[in-house]
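Subject: the model, plus notes

Hi,

Here is the structure I promised to pass on. Have a look at it first, then read my notes below.

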Amino acid sequence: MTKRILAVVGSPRRGGNTHILVSKIAEGAAGKGALVDELLLGGLSINECDGCHVCWKGRDCSKTDDMQDLYPRIIASDVIIFGTPVYWYGPTALMKAFIDRFVYFNCPENRKKIQGLSAVIAVPFEEDDPEMASGVIEFFNKSLAYLEIELLGRIIVPGAGEKGAVRRKEESLQQAYDLGRTLA
């Protein structure tokens with residue numbers, strides 16, 4: 001069975017470190033036959049969740065933004081790659097808004113739509129201390145566990161601040177590619 005992978009880039013920098021890292025995971029998966037759908041959050045309009053709870057009643061989200069087109073893509077996926085740099089010890093605002101809208105999957109009717117979904121995370125960041133990514137890792141660990149999405153792996157790349165710096169991290173790029181191959 002061909003795996004469907006949604007590769008989500010939560011950085012505002014097209015062609016930046018997060019985009020490169022997520023693309024390398026996607027390349028590995030596609031090389032093994034997976035169908036990859038890339039999603040650049042920086043080019044989309046995703047409003048914040050305002051807690052209206054309409055979706056908790058099994059109805060469609062009340063927001064009229066790009067997330068309406070993303071729900072079917074999420075539901076059609078077998079695996080989601082969540083890529084975000086570390087911004088102030090957490091994910092970017094783009095990624096946070098995207099994840100906040102997963103509240104749609106809280107009700108039993110909608111939770112069934114993502115049953116069996118898995119994920120990986122890709123986190124490049126400027127600091128050299130890997131501990132600086134712990135807030136982002138914890139955010140995904142808790143959020144994905146709550147949604148019953150299995151976290152299959154992660155790639156954390158410290159010391160990648162300026163645009164394109166991750167290209168010099170050959171071992172990390174190989175790990176990302178290999179991780180993608182395991183997803184397929």
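First, the ground rules. This is a predicted model, so I kept local features only at pLDDT of at least 70 and side-chain atom pairs only at pLDDT 80 or more, while totals for chains, interfaces and linings use all residues. Residues are numbered from 1 along each chain as its sequence is written, and side-chain values use heavy atoms, with hydrogens and water left out.

**Overall fold**

The protein chain has six helices and five strands (DSSP runs numbered from the N terminus: H or I of at least four residues for helices, E of at least two for strands). In sequence order they read β-α-β-α-β-α-α-β-α-β-α. The radius of gyration is 16 Å, close to the 16 Å that the globule rule gives for 184 residues, so the chain is as compact as a globular protein of that length. That radius is taken over C-alpha atoms, and the rule is 2.2 Å times the number of residues to the power 0.38. Along the principal axes, the C-alpha trace spans about 50 × 40 × 25 Å.

Of the contacts (heavy atoms within 4.5 Å) between residues at least 6 apart in sequence, 79% join residues at least 24 apart. Buried residues account for 49% of the 184; here buried means under 20% relative accessible area, exposed means over 50%, and partly exposed is in between, with a 1.4 Å probe and protein chains only. The accessible surface comes to about 9,000 Å², with 49% of it belonging to carbon and sulfur atoms. Areas are from Shrake-Rupley with a 1.4 Å probe, and for residues only the protein chains shown count as cover.

**Cores**

A nonpolar core, as I use it, is a set of buried Ala, Val, Leu, Ile, Met, Phe, Trp, Tyr and Cys residues joined through side-chain atoms within 4.5 Å. The largest one has 36 residues, and I74, F82, F98, F102 and F140 have the most contacts inside it. Two or more residues each come from β1 (4-9), α2 (67-75), β3, α3, β4 (118-124) and α5 (134-146). The biggest contributor is α5, with five residues.

Which residues does F82 touch, leaving out those up to four places away in sequence? They are V8, M95, F98, I99, F102, A119, V120, I121, A122, F140 and L144. Apart from this core lies another, of 24 residues, with V22, I81, A160 and L183 among them.

Helix α3 has M95, A97, F98 and I99 buried. The cover over the buried residues of α3 includes β1, β2 (35-40), α2, β3 and α5.

**Salt bridges**

I count eight salt bridges (a Lys or Arg side-chain nitrogen within 4 Å of an Asp or Glu carboxyl oxygen).

- D65 and R101 meet at 2.6 Å, N to O. D65 lies in the loop between β2 and α2 and R101 in the loop between α3 and α4 (108-111), so the pair ties together parts that are 36 residues apart in sequence. D65 is buried at 10% relative accessible area, and R101 is buried at 1%.
- D50 pairs with K63, with the closest N and O atoms 3.3 Å apart. Both lie in the loop between β2 and α2, so the bridge ties together parts that are 13 residues apart in sequence. K63 is buried, at 13%.
- R168 pairs with E162 at 2.4 Å between the closest N and O atoms. R168 is exposed at 58%, and E162 is partly exposed at 47%.

**Single residues and surface**

Two residues other than glycine have positive phi. H53, in the loop between β2 and α2, has phi near 65° and is partly exposed at 34%. E148, in the loop between α5 and β5 (150-157), has phi of about 60° and is exposed at 57%.

S118 sits in strand β4 and is buried at 10%.

Lastly, Y87, W88 and Y89 make a nonpolar surface patch of about 460 Å². Patch residues have over 30% relative accessible area and no salt bridge; like charges are joined within 9 Å, and nonpolar side chains (Val, Leu, Ile, Met, Phe, Trp, Tyr) within 5 Å. W88 lies in the loop between β3 (79-83) and α3 (93-100) and is exposed at 81%.

Cheers
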